[in-house]
Amino acid sequence: PLNMSLFIPQCMTWRVRAIRWDFGDGSPQVGSQSVTHTYQAAGTYTVAVQLYQGEATTPFLTINRVITVNA
């Protein structure tokens, strides 16, 4: 399993309404600050976490991380 956490400084927490994680493998998006995900197949995946504020449907911040899963 892959464990990832997003640190949000206290001075920024008021801006964050929602968090969405996309693991790049077609699994459903998850919305929390810390996540655990298990990939079903080896490969290279782009994990993206997006932060939303207010009623916005477009994230104000996106962070991407490329990971490689070995068999």
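Among contacts in the protein chain between residues at least 6 apart in sequence, what percentage joins residues at least 24 apart? The share is 51%, where contact means heavy atoms within 4.5 Å.

The structure is a predicted model, in which local features need pLDDT of at least 70, side-chain atom pairs count only at pLDDT 80 or more, and totals for chains, interfaces and linings use all residues. Residues are numbered from 1 along each chain as its sequence is written, and side-chain values use heavy atoms, with hydrogens and water left out.

**Overall composition**

The protein chain contains zero helices and five strands, and its elements run β-β-β-β-β from the N terminus on. Helices (H or I, at least four residues) and strands (E, at least two) are DSSP runs, numbered from the N terminus. Along the principal axes, the C-alpha atoms fill a box of roughly 40 × 25 × 15 Å. The chain has 71 residues, of which 25% count as buried; buried means under 20% relative accessible area, exposed over 50%, and partly exposed in between (1.4 Å probe, protein chains only).

Three strands form an open sheet in the order β2-β4-β5, with antiparallel pairing. Because β2 (18-22) and β5 (61-69) stand at the edges with a single partner strand each, one side of each is left without a neighbour in the sheet. Neighbouring strands of this sheet are turned by 15 degrees against each other on average, direction ignored; the axes are lines fitted to C-alpha atoms, for helices over the stretch in contact, and angles run from 0 to 180 degrees between N-to-C directions. Two strands pair if DSSP finds at least two bridges between them. The two pairings of β4 (residues 43-52) are tabulated below.

| Strand pair | Sense | Bridges |
|---|---|---|
| β2 and β4 | antiparallel | five bridges |
| β4 and β5 | antiparallel | nine bridges |

Ile-19 stands opposite Leu-51 in β4, Val-49 stands opposite Ile-63 in β5, and Gln-50 has Thr-62 in β5 as its bridge partner.

**The nonpolar core**

The largest nonpolar core has 14 residues, and those with the most contacts inside it are Leu-6, Ile-19, Trp-21, Phe-23, Tyr-39 and Val-47. Such a core is a set of buried Ala, Val, Leu, Ile, Met, Phe, Trp, Tyr and Cys residues joined through side-chain atoms within 4.5 Å. β2 and β4 each supply at least two residues of this core, and β4 gives the most, with four residues. In soluble globular proteins, nonpolar side chains tend to be buried together.

**Two positions around β3**

His-37 is found in strand β3 and is buried, with a relative accessible area of 12%. The side chain of His-37 makes a polar contact with the side chain of Asp-25 at 2.8 Å. A polar contact is a pair of N or O atoms within 3.5 Å; within protein, one must be able to donate a hydrogen and the other to accept it, and residues adjacent in sequence count only if both atoms are side-chain atoms.

Ala-42 lies in the loop between β3 (34-37) and β4 and is partly exposed, with a relative accessible area of 45%. Ala-42 and Thr-68 are 26 residues apart in sequence and 7.5 Å apart in space, C-alpha to C-alpha.
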